[in-house]
Structures are given as structure tokens and as C-alpha cells.
Amino acid sequence: MPGGSGPVPLAVPLLLIGSGFGISLAILDGAAISSVDSARAGMAAGLFNTVRITGEVVALAVLGALITTLTRTDLAARYGEPVAASATSRLLQGDMVGAVPAGVAPAAFAESATAAYAGALHVALWILSALSLLGAVVVGRLTATRREDGDTKPRLRARPARAI
């Protein structure tokens with residue numbers, strides 16, 4: 001997406017991501033709660049949300065470190081390690097003006113920095129896509145129930161009716 005294009009081109013992808021994330025969390029939260037006794041539903045919801053948020057925090061830290069490392073590596077190849085270290089720190093804080101090394105044209109550096117960051121982001125997103133796909137396969141395999149005929153197609157398990 002070209003710089004300066006505004007929020008409109010991002011609206012649809014962001015709405016799709018947000019909707020998908022929200023729907024999936026609601027389904028998973030419901031599954032966590034419905035898999036335990038109603039007396040323990042609060043505990044199940046609390047445990048699920050604790051694990052989910054912890055996973056998100058760790059994932060964001062790893063993603064940030066990966067993007068920083070890839071951006072810095074790309075800039076080091078162009079400008080050398082000392083310049084790349086300082087520039088990457090400033091760039092990822094949003095300080096494009098302060099990141100420009102001495103003796104380098106700001107427009108040329110902005111183009112290089114943008115390409116380095118975009119490249120790092122693309123790599124990170126492909127890795128996240130692969131991990132998401134792997135996670136979906138693992139969850140599918142774990143939730144599949146073996147029938148007597150050996151078929152492992154996922155199917156819903158019937159829950160016994162509760163007396164009112």
C-alpha cells in the first residue's frame with residue numbers, strides 16, 4: 001500500500017480481521033465454558049482468557065523482535081551495522097527524521113527504510129500465516145474422534161441432557 005493513501009484501503013481488511021478474531025474468540029470461549037460443569041464455568045472462562053492473553057503478549061513480543069531484527073539486517077547491508085542499529089531503533093519508534101544517518105539523502109533513506117520495514121513485515125506475516133495454518137491442522141487433529149470404523153473426521157460429541 002503506498003504511503004499517504006489514508007485509512008480507506010485498510011478498512012475492509014481490518015474489518016475482516018477484527019470480525020474473524022471476534023467470532024473465533026466467542027466460539028472458543030463458548031467451547032471452554034461448555035466443556036465443564038456449570039458450577040465451574042467462571043473458572044474455565046478465566047483460565048481460557050488468561051492463557052489467550054498470555055499467548056498474545058508473547059506472540060507480540062516475538063513478532064516485534066523479528067521485525068526489528070529483519071529491518072536492522074536489511075539496513076545493515078545498505079549502511080553498515082552502527083548506522084542500522086541507531087536507525088532501526090528510531091524508525092520503530094516512528095522517528096523517521098531522527099533516523100536519517102549523516103550524509104545520506106533523507107528521501108533515499110526513507111525509501112530504503114520503508115522497503116526494509118515492509119520486507120520484514122511481509123516475512124513476519126508469512127510466518128504467522130504458516131503458524132496459523134499449522135495450528136488449525138493441529139486443532140483439527142486433536143478434536144477428531146476415532147470411530148470404530150477408524151474414520152477420524154471431526155464430529156460433535158453429544159452431551160447428556162441435564163435435569164432441570
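Predicted model: local features only at pLDDT ≥ 70, side-chain atom pairs only at ≥ 80, totals over all residues.
**Whole chain**

Start with everything shown as cartoon. The protein has five helices and zero strands. Read along the sequence, the pattern is α-α-α-α-α. Now colour by pLDDT. The mean for the protein is 83, and 85% of its residues reach 70 or more. Confidence is lowest in helix α1 (residues 8–34), with a mean of 81. It is highest in α2, at 92.

Buried residues make up 13% of the 164 residues. Take contacts between residues at least 6 apart in sequence: 38% of them join residues at least 24 apart.

**Helix α2**

How far apart are the end C-alpha atoms of α2? They are 56 Å apart, which agrees with the 57 Å that its 39 residues should span at 1.5 Å a residue.

Next, pick out the buried residues of α2: A41, A44, A45, F48, I67, T71 and L75. Their cover includes α1, α3 and α5. On helices in general, residues three or four places apart point the same way, because an α-helix has 3.6 residues a turn.

Zoom in on A45, in helix α2. A45 counts as buried because its relative accessible area is 16%, under the 20% cut-off. Leaving aside neighbours within four places in sequence, A45 is in contact with D29 and I33. Now draw a distance from A45 to S34. These two residues are eleven apart along the chain, and their C-alpha atoms are separated by 9.7 Å.

Then move to the end of the helix. Just after α2 comes G80, with a positive phi of about 95°.

**T88 in helix α3**

Select T88, which sits in helix α3. Is T88 buried or exposed? T88 counts as buried, because its relative accessibility is 2%. Show its side chain and look for A84. The T88 side chain reaches the backbone oxygen of A84 at 2.7 Å. Now show the surrounding residues. Not counting residues up to four places away in sequence, T88 touches T68, T71, R72 and L75. Of these, T71 and L75 are already on your list of buried α2 residues.

**Helix α5**

Select 106–143 for helix α5. This helix has 38 residues and reaches 54 Å from its first C-alpha to its last. That is close to the 56 Å expected at 1.5 Å a residue.

**The nonpolar core**

Finish with the largest nonpolar core. Select its eight residues: L75, A84, A87, L91, A99, F109, A113 and A116. The elements that give two or more residues to this core are α3 and α5. L75 is another, as a contact of T88.

Last stop: A99. Which residues does A99 touch, not counting those up to four places away in sequence? They are A87, R90, L91 and F109. Among these, A87, L91 and F109 belong to the core, as does A99.

Terms used:
Residues numbered from 1 in each chain as written. Heavy atoms only, no water. Helix = DSSP H or I, 4+ residues; strand = E, 2+ residues; numbered from the N terminus. Expected span 1.5 Å × (residues − 1). Buried < 20%, exposed > 50% of the residue type's maximum accessible area, 1.4 Å probe, protein only. Polar contact = N/O pair within 3.5 Å; in protein donor to acceptor, adjacent residues only side chain to side chain. Contact = heavy atoms within 4.5 Å. Core = buried A, V, L, I, M, F, W, Y, C linked by side-chain atoms within 4.5 Å. pLDDT = per-residue confidence, 0-100.
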